[in-house]
Amino acid sequence: MTKPVPMAEIWRGQLLESLHLGHAVVCDDSGQVVRSWGDPDAVIYPRSSAKMIQALPLITSGAAEKFGLTSGQLALACASHNGAEIHTSRVNAWLSQLGLTDSDFRCGPQLPSDIPARNGLIKTDTSPCQVHNNCSGKHAGFLTLAQHMGAGPEYVEVDHPVQQACLSAFEETTGQDSPCYGIDGCSAPNFATTVTGLARSMAWFASAADRSDRSSGAALQLVAAMTSHPDLVAGETRACTNLMRAMGGKVAIKTGAEAVFIAIIPEKRLGVALKITDGATRASECAIAAILVSLGVLDANHPETLKYMNTPILSRRGIEAGVVRPAAELLF
């Protein structure tokens, strides 16, 4: 089996202080691998990078049309958001639209990543709710689909119709049977696949305009929602939001826990998936930026790019002490 390869380097002075290894794959619209690093057959959990796959049944079932879901709601269904007011207010409105409350979620409470929202809770001695969970938009989508199906309230159970619909979409788009599943941080099943399978799925989304079936139409809607609302997909200070803005809405990208990252590139009909084996987010952000630069869709010198790739490491006094940079192999 091919071993993981260097993807991100941490230099301090003249010394390579740390090295992050990983796997990455670029697939084309036929599902074939056009570039790879490390082991393309490494089996991984995509974690939150697969949310657009989990959102497909929300549209293909007719639920999104029935409930009149907006592009912003579809973006939230694909989101790992910061729990800022722009996120929680919209998810709460979605719950009200369904006639449901925070107690109907099964994602669990989470302290917001958004500093103003977090400080607001602390100042008022208020506990976070489930709506603050970074996956609450995805779970609002699950609840919408469950209500449309007339299915029961325990929508995170692996044998629930909602999760079985997600599994079908996952295996259809990856072109592989999922060998197993794990429980994600939001308590929903997360189906495993290979790095190639995940990249193939992203290429399937990227080439949706070339097909005319219902699933492809759903894919087009979800990609458009993500690229139109980068602030809802993640939030301020986040790589997903910042880099999508830097690419002018031409590329959809999404992170997942434990250093997974994907990219959907419609103009090139390409899909990208990567996994850093030690789970370091700084490495996955650096690596995805480098791959996007190498594919010609991200400017290496854009200010947002420089937050993640060839990024200075500063001392507490602001003195440049080192740099986070991609392995040279990613840029060719």
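Mentor: Buried means under 20% relative accessible area, exposed over 50%, and partly exposed in between, with a 1.4 Å probe and protein chains only. This is a predicted model, in which local features need pLDDT of at least 70 and side-chain atom pairs count only at pLDDT 80 or more, while totals for chains, interfaces and linings use all residues. Residues are numbered from 1 along each chain as its sequence is written, and side-chain values use heavy atoms, without hydrogens and water.

Trainee: Is Asn-133 buried or exposed?

Mentor: Asn-133 is buried, because its relative accessibility is 3%. It is in the loop between helix H6 (115–123) and helix H7 (136–149); helices (H or I, at least four residues) and strands (E, at least two) are DSSP runs, numbered from the N terminus.

Trainee: Which residues does Asn-133 touch?

Mentor: Contact means heavy atoms within 4.5 Å. Leaving out residues up to four places away in sequence, Asn-133 touches His-81, Cys-107, Gly-108, Gln-110 and Cys-186.

Trainee: And Ser-136: buried or exposed?

Mentor: Ser-136, in helix H7, counts as buried because its relative accessibility is 0%. Among the residues it touches are His-81 and Cys-107.

Trainee: How do E11 and E12 pair?

Mentor: Two strands pair if DSSP finds at least two bridges between them. E11 and strand E12 (residues 320–326) are antiparallel, with 4 bridges, and Pro-312 stands opposite Val-323 in E12. The two strands form a hairpin with 5 residues between them, and Gly-318 in the turn has a positive phi of about 85°.
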